[in-house]
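Trainee: I would like to learn how to read a protein–DNA model. Can we go through it together?

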There are 2 protein chains.
Amino acid sequence: MADTPGASEPSLDEQIAAYQREFQDLDPQVEKVVSALSRLNRRMNVAYGRQTAELGISNAEWEVLKALVLAGAPYRLGPGDLAKRLGLTPAAMTHRIDRMVAEGLVTRERDESNRVRVIVGITEEGRSKWLEAMRMATVFEEDLLQDLSGEERGRLGEMLTRLLRRVEDAQPDAGGRLSDLD
Amino acid sequence: MADTPGASEPSLDEQIAAYQREFQDLDPQVEKVVSALSRLNRRMNVAYGRQTAELGISNAEWEVLKALVLAGAPYRLGPGDLAKRLGLTPAAMTHRIDRMVAEGLVTRERDESNRVRVIVGITEEGRSKWLEAMRMATVFEEDLLQDLSGEERGRLGEMLTRLLRRVEDAQPDAGGRLSDLD
DNA sequence: TCTGAAGACTTCAACAGTAAAGTTCGAAGC
DNA sequence: GCTTCGAACTTTACTGTTGAAGTCTTCAGA
């Protein structure tokens, strides 16, 4: 078995079994949680990517729009602040803003009260693409959680935030670069 | 409030509150699950990245080593198969293998029985780095789940696999490119 | 006021990924 | 036995991110 040369990604259960075979010191229960988390995230990003692509933007650009809107009125942030929120280097932020300005999604101006600072704002078009992306995303997310009862959703959210709190405490610094995703 | 210009990433609860403010058609319970998933994954990748960096490799390289080991004896796969398992384009796989061969982590040979095919194998050094990375990762993962009882871990794993099954059914194709992560 | 240091962003060179075109070998049909 | 098609990988050109160096402004002290 498993002899097919063109074999694709193994199923989660196959993967867990392979881990047990190759690395005995592994708690299958832990591995199941961790592997499922990682795979889920990948699939979700693929789904978001398809939706944002329909709007002619990328997930990366959507992230910027989200950060601006979530910052609240007047929907403006500096590149440095944006970079921190998105976990990017300032250099990457500069380039990304360049593109988004060229596409008419955001504006860039100098802060008159402090001419070193730059202020990035969202345009009408940016805002409307954000809204449309949110609409599509919520449909997808609602569908994703379809099989979970309200009570289960609550428990799941609670457990995940407990995990999150634990990593954030151990890793208080801004979350680091995004270079190593998978 | 929220007037600090150097403000960093908002907390999960602040983010949920901002969503409710800016986009009413949002189920906070759903959003909590989704946002926690995404943040958790980011933090986990940062943690893995620090560990693999200690070994002088990247998360990307570790992924390749994992795929080879999990494939089972004789720990060999073609670039195309590897690319499918990792969700990369074949071109990216070629480049990544180039680097890993140069670093002595894997070998690349032509398949004698079919000279179009290439076979990637793991070296001793690759295998030992994989093992060391696994050891560090399991310590981290065990710590991550520290606050969950055995029963909770089981329930969490079960719910996550249910979600995963749902996306995989909706998205049966190999999972798509990894270009749009966040 | 001038000067030096710090902060905020940008520029530059190098690296990693993608898409599309190119190469090479194997297999199926005439 | 050619020839054509298709599969598997590589090459090329381009996009996006990083780390480090560079620029410009502000602010504090002499």
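Trainee: Which element gives the largest share of the surface near DNA strand C?

Mentor: A residue is near a strand if one of its heavy atoms lies within 4 Å of it. Helices (H or I, at least four residues) are DSSP runs, numbered from the N terminus. Here H5(B) gives the largest share, five residues. This is a predicted model: local features need pLDDT of at least 70, side-chain atom pairs need 80 or more, and totals for chains, interfaces and linings use all residues. Residues count from 1 along each chain as written, chains are lettered from A and ligands numbered from 1 in written order, and side-chain values use heavy atoms, without hydrogens and water.

Trainee: How many residues surround DNA strand C, and which are closest?

Mentor: 22 surround DNA strand C; the closest are Thr94(A), Arg108(A), Thr89(B), Arg96(B) and Arg99(B). Of the DNA strand C atoms within 4 Å of the protein, 77% belong to sugar and phosphate.

Trainee: What polar contacts reach the phosphate oxygens of DNA strand C?

Mentor: A polar contact is a pair of N or O atoms within 3.5 Å. A polar side-chain atom of Arg108(A) lies 3.0 Å from a phosphate oxygen of DNA strand C. For a side-chain N or O of Thr89(B), the distance to a phosphate oxygen is 2.9 Å. For Arg99(B) it is 2.8 Å.

Trainee: Now DNA strand D. Which element gives the most there?

Mentor: H5(A), with five residues. In total, 23 residues surround DNA strand D. Thr89(A), Arg96(A), Arg99(A), Thr94(B) and Arg108(B) are the closest. A side-chain N or O of Arg96(A) is 2.6 Å from a phosphate oxygen of DNA strand D. The distance is 2.8 Å for Arg99(A), and 2.8 Å for Thr94(B).

Methods
Polar contact = N/O pair within 3.5 Å; in protein donor to acceptor, adjacent residues only side chain to side chain. Helix = DSSP H or I, 4+ residues; strand = E, 2+ residues; numbered from the N terminus.
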